[in-house]
Amino acid sequence: MSQLNENILKYLAENDKANTITLGKYFNEDHQKIVGALKSIQAHGELLLAESISDKKIELTEEGKLIAEKGSHEVNVFAHIPDGGIEQSELMKLPNAKIGFSKAMSAGWVQVDKSCTPPLVKKKVPEIVDTVQEHMRKIMKGDISNITDKEKQEYKKRKLIQEVVVKSFNLTKGPKFSLTLNKLETDLTNDMMLANSWKEMRFKDYNFESLGAPLESGYLHPLLQVRSEFRQIFLEMGFSEMPTNNYIENSFWNFDALFQPQQHPARDAHDTFFISNPKISNSFPTDYLERVKNVHSKGGYGSQGYGYDWKIEEAQKNLLRTHTTAVSARMLYELAQQEKFKPIKLFSIDKVFRNETLDATHLAEFHQVEGLIADFNLTLGDLIGVFTEFFKKLGMVQLEFKPAYNPYTEPSMEIFCFHPGLGKWIEIGNSGVFRPEMLLPMGLPDDVCVIAWGLSLERPTMIKYGLNNIRDLVGPKVDLEMGLSIGTGSDASE
Ligand SMILES: N[C@@H](Cc1ccccc1)C(=O)O
């Protein structure tokens, strides 16, 4: 049992009652420590009774303490006036001179002699007493007996004192008062049970007031965490977010608008999930549809096209979008319908669907980070610049670019990032400059360039969390305690 606990009980045995503040002064201990000791005595049962009380106390502010030490501002002003007087502007150079001077004036200690030029401040009385300092010193010692309410009000107004609420406990002996405390057990152990010794032991009561350990809950899923980081970076770089809430798209916007020929393998049911009900849709502007049909089958805009028999039935087929580039196509078409072209930077991060064989790096449903910049005079150099800046913000600085092919971009390039943890280069996305065969039928001016890209969200998330199996990111149990290994492989739908 601690010495302080014992001393408190002894004090109570001799005096019948006590207050924790008085005890603090008596034992020369911090009040908090006395309260702590009281709580530990209370854990032993009703040895004493404690009644919580709160009292108001007057305390000196920092300025009040300064006056207690160095004297009041008015006395300071008075002391600085030489017998022949002093110019007011000189006097005002003293610290706190303004309040000191006004108090000294109203106390009748000083006067301004206007018969001199310039007028001089002179003493009016030979001697004064620093009552304010005297009072501050008394308050510091806790003695407020000789200070009138009016004076207290005045000191409060001058911000020399403040009222604080002091909480303490009044203690009296309890029904089980004793001078000694038994040892209290905190844990019931296996040994105690086996030896039956628990029956003789006293256990500490449960503390139902205790706050307990914080519960781990309400975290963002790792994919959403990385998504919000990506989104933040795009916003910092001046991009606006595209609306992406339509998972179902028709083939026209997903493929045809992107100059992707109708016999392209990605348009096969082996790669794309087609919708059986409703099987088709006609949500496309007919004149634009006509221009798309022509550019595929006959060419135009300086292109010879693919030269095949383009069929509307293929374009009408509904599907689960295979990339968010379908959203970019819709947005660019909207942009082309505006009266005057305005440069724009857009991004989106949302789900796409592909009929993939699932493995460690492929899912049939994953997220794509899509971006585009539409402006004049853009080149591949701008695209590389945007990636360099974007990935720098993610702490990824080793980037490499490889020529690639997409039906809708020329030139096209894949982006690789060196992952130091794995010691190898990893493909993180695909990009390019949208072809005139895609942009001109939409109605965009021919001097407008659009650079665009599509990245996977899962892959950087796997790198960040050290996952070697993409499937660990989905399902009922997302386990982030996985080993660090990752495969390569493209998610591109060209
Ligand atoms: N749509 C491409 C990415 C991409 C977008 C825009 C331009 C070029 C490429 C993909 O799914 O991989």
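User: In this predicted model, what makes T325, A326, V327, S328, A329, R330, M331, L332 and L335 in helix α15 count as buried?

Analyst: A residue is called buried if 20 or more other C-beta atoms lie within 10 Å of its own, and T325, A326, V327, S328, A329, R330, M331, L332 and L335 of α15 are buried. The elements that cover them include β8 (248-250), α12 (251-254), β10 (344-353), β11 (365-376), α17 (436-439) and β15 (448-456). In the protein chain as a whole, 29% of the 494 residues count as buried.

User: How do you know that the span of α15 agrees with what its 13 residues should give?

Analyst: Helix α15 runs over residues 325-337, and at 1.5 Å a residue it should span 18 Å; because its end C-alpha atoms are 19 Å apart, the span agrees with that expectation.

User: Why is α2 called roughly perpendicular to α3?

Analyst: The axes of α2 (residues 20-27) and α3 (residues 31-42) come within 9 Å and cross at roughly 115°. Angles of 65 to 115 degrees count as roughly perpendicular, and therefore α2 is described in that way relative to α3. The crossing of these two helices is right-handed.

User: Which residues of α2 and α3 meet, and what classes do they belong to?

Analyst: On the α2 side, T20, I21, L23 and G24 meet H31, I34, V35 and L38 of α3. Sorted by class, this contact has five nonpolar residues, three polar residues and no charged ones, with Gly counted among the polar residues.

Notes: Residues numbered from 1 in each chain as written. Predicted model: local features only at pLDDT ≥ 70, side-chain atom pairs only at ≥ 80, totals over all residues. Axes fitted to C-alpha atoms, helices over the stretch in contact; angles between N-to-C directions. Helix = DSSP H or I, 4+ residues; strand = E, 2+ residues; numbered from the N terminus. Parallel < 35°, antiparallel > 145°, perpendicular 65-115°, else oblique. Left-handed = near helix turned anticlockwise from the far one by under 90°. Contact = placed C-beta atoms within 7 Å. Buried ≥ 20, exposed ≤ 12 C-beta atoms within 10 Å, placed from the backbone. Expected span 1.5 Å × (residues − 1).
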